[in-house]
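Dear colleague,

Please find below the structure that I am handing over to you, followed by a summary of the findings.

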Amino acid sequence: MSLSGLFLCTFLITHMAGNMQLLINDGGLAFNQYAYDMTHSPIIKTVSYLLYFSILLHAVQGLVLAYANRGARKSRYASGNKSSSFASRNMGILGSILLLFIVVHMKSFWFEMHWGTIGNDANGMRDLYSVVVAAFSQWWYVLFYIVSLAALAFHLLHGVQSAFQTVGVNHSKYTPIIKAVGSIFAIAVPALFAIQPLYILFKTLQ
Amino acid sequence: MKLNLKIWRQKGPKSEGKIVDYTVDHVDEDMSFLEMLDVLNQDLIVKGEDPVAFDHDCREGICGMCSMVINGRPHGPWERTTTCQLHMRAFKDGETVFIEPFRANAFPVLKDLAVDRSSFDRIIQAGGYISVNTGNAVDANSIPIDKETADTAFDAATCIGCGACVAACKNASAMLFTSAKVAHLNMLPQGEPERAKRTVQMVAQMDKEGFGACTNTGACEAECPKGISITNIARMNREYFKATITGSK
Ligand code: HEM
Ligand code: FES
């Protein structure tokens, strides 16, 4: 759980940084070149298989864990207990939103890039940029993104520091730092991701 | 003052339970929560009704028997306080108070608020001991232990095994209890010979008893009447990792 989760976090950073090329005003040439490179590098290919595997493992383990843990208390309290954070109590639900998001997201871009009919840009690259712009010019699609990114933020608010605790890293000097950096990460990464669809939506609205 | 109580009543381990409403009058704010229940039970006995069963023993915050969940919180609203040390000034006149047993599959209800916590005893039996030679008692300070280690081990040892951690945890996990016992014994030289075996066996027994798995929500630490820290859980995770990597089984 913790190792797959932290691996997914490292993926988030690179994915978010790479996609920032969507903000370049060149009609998507840089982004399309990047998308081409990412689908044609043997190293990225290998890492991507590890990534697919990690997502599946993480989701299956997480859902099995959440289900089993629910079963450890068959009779419920009449008066609810709130002595833990909202995120920590709802990791299974937040994760399920992320899973739904990942499926929709991969259908929209990953599937289209690999098997869809896409035109070429000025450089003769597959024009994924136009597919992205078409998707992000629909307000409801952008809204779905924002909701999912909010779920991601909550998932990570609990998840990042939790992963360190799971692998046994808890220290009076370093844990406060881990918690602070983890919270900044949990908010900054989804926020930076959110800029991309919002930027494109507002650009197409003009 | 007067209180409206909503108390879980259950005749026996196999019967269905339900919340029953009671009102209790003449509650003094200097009474402890258990004394308030004594007053209620006296009323019930006079009326010829079955008194509410609840566990208690020392009534001074050290035995860990007084298990109950008050308004959704194990041992009630005060931090680092057992039910027997909780005073009625924590409540307002006319307030409605929910009183339920600790709920977990591994803590089956015996009657009303009394639950069977012998699963904790079996976790202790699985490894919560040290080997000592028989004969004269050894001089207390014959093995030098540095102050910081002694203090940290002692902090873990202050766990009274009440089960509030399990009751508070959304997963009904016993990791805080088990890790406190593992930390207490594994940190000291006296616990060294059984160190790896203790960790693996106590964790195995904990799982066997049907407690849930830890997801680091921290509710246990927040509700622990003795302030046991979840650093012990991280420590047990390390100990467990080491023990399973280096162990023969
Ligand atoms: C970008 C995607 C994701 C990232 C970066 C991520 C990250 C993390 C991290 C770091 C943890 C903490 C691990 C630990 O405490 O040991 C975690 C826990 C968890 N994740 Fe994810 N996750 C992602 C997607 C998902 C998905 C798709 C699901 C399920 C459908 C999921 C379900 C869970 C569950 C149930 C836990 C919970 C354990 C708990 O309650 O603490 N996650 N995740
Ligand atoms: S009765 Fe002993 S701790 Fe409360």
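How many residues of chain A are in contact with chain B, where contact means heavy atoms within 4.5 Å? There are 23, and they meet 36 residues of chain B.

This is a predicted model, in which local features need pLDDT of at least 70 and side-chain atom pairs count only at pLDDT 80 or more, while totals for chains, interfaces and linings use all residues. Residues are numbered from 1 along each chain as written, chains are lettered from A and ligands numbered from 1 in the order written, and side-chain values use heavy atoms, without hydrogens and water.

The interface

The area buried between chain A and chain B (accessible area lost on being put together, 1.4 Å probe, summed over both) is about 2,300 Å², and carbon and sulfur atoms give 45% of it. Helices H3 (42-71), H4 (86-89) and H7 (139-166) of chain A (DSSP runs of H or I, at least four residues) each supply at least two residues of the side that touches chain B. H7(A) gives the most, with 4 residues.

Strands are DSSP runs of E, at least two residues long.

Yours sincerely

How values were computed. Contact = heavy atoms within 4.5 Å. Buried area = accessible area lost by both parts, 1.4 Å probe.
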